[in-house]
Amino acid sequence: MAAVQGGLVDAVEEKTIKSEPVADATANNSANDARAPSSSPGSGVSPGVNKPAAGAAEDQQTLLAVLQFLRKNNLSESVEILRREAGLPEDSLDQKGGDSTGTGLGGPEADGRTDAGSLLSRVTVSSSAPSKAVAEDQPDVNVVLSAYSQQGDPALYEVYYSGLKKFIETVLDCHRAELSQVFYPLFVHMYLELVYNNHENKAKAFFEKFSGDQECYYQDDLRVLCSLTKKEHMRGNETLLDFRTSKFVLRISRDSYQLLKRHLQERQNNQIWNIIQEHLYIDIFDGMPRSKGQIDAMSGSLAGEAKREANKAKVYYGLLKEPEIELPLDDEDEEAENEEGKPKKKKPKKDNMGSKSKKQDPNAPSQTRIPLPELKDSDKLDKIMNMKEATKRIRLGPDNLPSICFYSFLNAYQGLTAVDLTDDSSLIAGGFADSTVRVWSVTPKKLRKVKSAADLNMIDKESDDVLERIMDEKTASESKILYGHSGPVYGISFSPDRNYLLSSSEDGTIRLWSLQTFTCLVGYKGHNYPVWDTQFSPHGYYFVSGGHDRVARLWATDHYQPLRMFSGHLADITCTRFHPNSNYVVTGSSDRTIRLWDVLNGNCVRIFTGHKGPIHALAFSPNGKFLASGATDGRVLLWDIGHGLMVGELKGHTDTIYSLRFSRDSEILASGSMDNTVRLWDATKAFDLETDDFTAATGHIHLQDNSQELLLGSYMTKSTPVIHLHFTRRNLLLAAGGYNP
Amino acid sequence: KRRKVKFPKDHEVMIQILKDMGITEYEPRVVNQMLEFTYRYVTTIIEDAKIYASHAKKSNVDADDVKLAIQCRMDQSFTSPPPRDFLLDVARQKNQMPLPLIKPYSGPRLPPDRYCLTAPNYRLKSVQKKVTPSTNRISVPRLSVGGVSSRPATPTLGAPSVQTVTKVTAPVSLTNQRFTVQIPPASQTSTTKPTTASTPAVSNVLINPSLIGSKNILITTSMVSQGDSLKRKHEDDDDYDNL
């Protein structure tokens, strides 16, 4: 009986999957994947045998539902054609009608052909609550199209849930932690089912009784759920709708899973089992069950954890090779390094430099994997400058902490919403809630606009300082204000060549400003909802943006439409960052997950879960191997991109972390937060670990509780939340925030 | 801290709602803003519902009317982002296309002009044939352009005070424009006051549209300037521009 039920649910589930493609960008055909792990360890042969029969029945069902729909809409010719082509017998329709009207309250009969019929009849009963004539064929189509096709008796939901609770409490300790993961998704789905089927009072009672048992980190979600009591409320909430249709992923060891399955299948009421099969994806692994601590570290997101195969794709996290630059012969340049072994004219280098550069880093993407803009002369000059500064860089460490220079924005009245600095720290820009963008010069050199065309015609184009001459002295000022947006500016980013500034705003557009003329050049329209963050790629030309519409878009400055769309998050994307090699984009979202996307083909290659609140800060280490993330829960989590695992957790902040930055050589990680502090952490020690094979294979992490040792210093500001951090090329730390008395 | 003041009932209800949704710290004016929104929203819905009820020739407004009103308003003002399956579909289509190659040496990489905001959005009306007593005046050429849609990146010419600036509303593609630039004959010297803008005689110059609309705004009128009559203010430019 149980096996047949399982097969039937499979059938209905596959049908719903067909009409609403739920497949994620990574997991194709998740329905089948779900079936395989959940049914194969169980009853062995019988689901397999039933599958073809169930499959045929399910196809029949779909066809019949379509036929009925066409018939209802008086599309008789289409009905005929479909019937002919599908080879359906003439009387199938009438029999279907007969079933739905006649059998009425027929219980689940385990009888070959009429399984589908009885299933339908059960559903038509439940959804004929708005007491229409049951000859109406409408319910069949609703069955096919709705995600909640099963419905048990609402009064019994509490009983089922309490029963499960009691069972899990009696289970062995080692299994209890794993099985408790089931509570939250089950609770939410059962509650939503009650609400969707208009059992408002029962839903409220159910919520009252069991919401207190859930984990503390789900409190925010529960609060949102609490306000949702009617079906109409669910309509506008995209996040909840996505939650309903996507599968919550749980990772449970095989032993614990067997226990659960045995318990649920031996009981008469399989409502919970049905819900589990329909809405949960159980990723089974062989091995020791995980402890509560391990589970707590990884859970907290709206979609459960990440499936193991979601994190198995190869990621090229290495850095791109630096291009060859011929250094100008300069007397003061004695220690200037040569790149790529190109021999200097004064001192020809030997082959040792050459061999180092010729070997391709296996983890680095090839230079031509994605098209990148070529290096202009000004870029080469920039790189040379960078190298010169690098030689004068201070080496930081636990005994040599950076000095911190804090830029407080006064009179912002909580209106400062975004800050960015150029890489060479010469310009600072702020985005404000009054929709302006202001640019200041950090150095004593003032900001100037380019002369008008008329004046440019007059200057000597051959002179050495032509770049100075094209600037109009009369427009020199400390700061410039850029007007154009019609909503608060939430994201801001300088281009690496300091020619452009990007700003993203609540009005749904991203604007490209020229820093030569201080005017707006382009408005990129694509998101129709607030854009929460944007960033230029480290090589220029590309930029990424993410917003309320749950997709991140990759743009190029010379295309008015996005080049890539990264879709998969369940809630708003709050933070978007490029990897140092520009081949990957990482997005942090309000659904508490972090996803790494491949720019080449738009696939999601990594999913990181573990934060308990929306993610607001992301930072890649300069060597491209590691990622640090900060969220509203006040924790900084450290991730190894290659293996796709969490490698560290830094506790200490008491409020949302809004900015993270690695120092230039990855020695120090600085974090700034709403609790008005900047904290410095020892990054070399935090990432100094070997990921053994066991951890890599199973994904079981063992986090050390060493936040205290890793904390190198904590610096308070006078009531100014820190929203931006920047290490200069010489490893001086600059911080920015709006003074908030 | 305990409040001594008693608020009106609506105010208390709103405070309770905020507390239920977990918001504990807020400025006092937030409650007023929320109440204002509530009043406006409810009034709009009820008015719509009244219209629907009268359309259905009902004497009383009932729940169905209100539901219909809410639904219509929701589709209008409170839209939500597209559903996930739609987004996944669109994303899949978009991501299949390979990344376009980047042309080298193409100057500032911007979209085609019609998608940029770099065109002038004003047109200067010409004032014809005003006689000036002295020839030592700044001669400012006027650029008249057909309808354009957006703000200028840099005004290529100063806005003279005598002219009237008409803002053109109809957006027209730039590529088919005929640009007429009226450039007065060479009057060499510059004066300190750039605001006098009369021109003795004007000559029309047609600019090839392919020159304008290029991404490099620096070369627009310089290509057609005749002589150096386009100077404006030059107090301190002499150092730079001495040839």
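This is a predicted model: local features need pLDDT of at least 70, side-chain atom pairs count only at pLDDT 80 or more; totals for chains, interfaces and linings use all residues.
Does Ser666(A), at 16% relative accessibility, count as buried or exposed? With the cut-off for buried set at under 20% relative accessible area, Ser666(A) counts as buried because its value is 16%. Ser666(A) sits in the loop that runs between strand E26, residues 657–662, and strand E27, residues 668–673, of chain A. If we set aside residues up to four places away in sequence, Ser666(A) touches Ser621(A), Pro622(A) and Asn623(A), and also Ala683(A) and Thr684(A).

Let me stay with chain A and turn to a residue in a helix. Ile276(A) belongs to helix H16, which covers residues 271–279 of chain A, and at 3% relative accessibility Ile276(A) counts as buried. Leaving out neighbours within four places in sequence, the residues in contact with Ile276(A) are Val182(A), Leu186(A), Leu260(A), Leu264(A) and Ile282(A). The C-alpha atom of Ile276(A) is also separated by 9.5 Å from that of Phe248(A), a residue 28 residues apart from Ile276(A) along the chain.

Next, a helix pair in chain A. Helix H10, residues 183–196, and helix H11, residues 200–210, pack at an angle of about 160°, and their axes are 8 Å apart. H10(A) and H11(A) are therefore roughly antiparallel to each other, and H10(A) passes H11(A) in a left-handed crossing. On the H10(A) side the contact is made by Phe187(A), Met190(A), Tyr191(A), Leu194(A) and Val195(A), which meet Lys202(A), Ala203(A), Phe206(A), Phe207(A) and Phe210(A) in H11(A).

Now to chain B. This chain has five helices and five strands, and along its sequence they follow the pattern α-α-α-α-β-β-β-β-β-α. Of the 243 residues in chain B, 30% are buried. Among the contacts in chain B with a separation of 6 or more, 68% are between residues 24 or more positions apart.

The buried residues in H2(B) are Val31(B), Leu35(B), Ile45(B), Asp48(B), Ala49(B) and Ala53(B), and what covers them includes helix H1, residues 9–20, and helix H3, residues 63–76, of chain B. After H2(B) comes Lys57(B), whose phi is positive, near 55°.

From H1(B), the residues Asp10(B), His11(B), Met14(B), Ile15(B) and Leu18(B) meet Val31(B), Asn32(B), Met34(B), Leu35(B), Thr38(B) and Tyr39(B) in H2(B). The residues of this contact of H1(B) with H2(B) divide into seven nonpolar, three polar and one charged. Val31(B) and Leu35(B), which meet H1(B), are also among the buried residues of H2(B).

Terms used. Residues are numbered from 1 along each chain as its sequence is written. Chains are lettered from A and ligands numbered from 1 in the order in which they are written. Side-chain values use heavy atoms; hydrogens and water are left out. Buried means under 20% relative accessible area, exposed over 50%, partly exposed in between (1.4 Å probe, protein chains only). Helices (H or I, at least four residues) and strands (E, at least two) are DSSP runs, numbered from the N terminus. Contact means heavy atoms within 4.5 Å. Axes are lines fitted to C-alpha atoms, for helices over the stretch in contact, and angles run from 0 to 180 degrees between N-to-C directions. Angles under 35 degrees count as roughly parallel, over 145 as roughly antiparallel, 65 to 115 as roughly perpendicular and the rest as oblique. A crossing is left-handed if the near helix is turned anticlockwise from the far one by less than a right angle, and right-handed if clockwise. Ala, Val, Leu, Ile, Met, Phe, Trp, Tyr, Cys and Pro count as nonpolar, Asp, Glu, Lys and Arg as charged, and the others, Gly among them, as polar.
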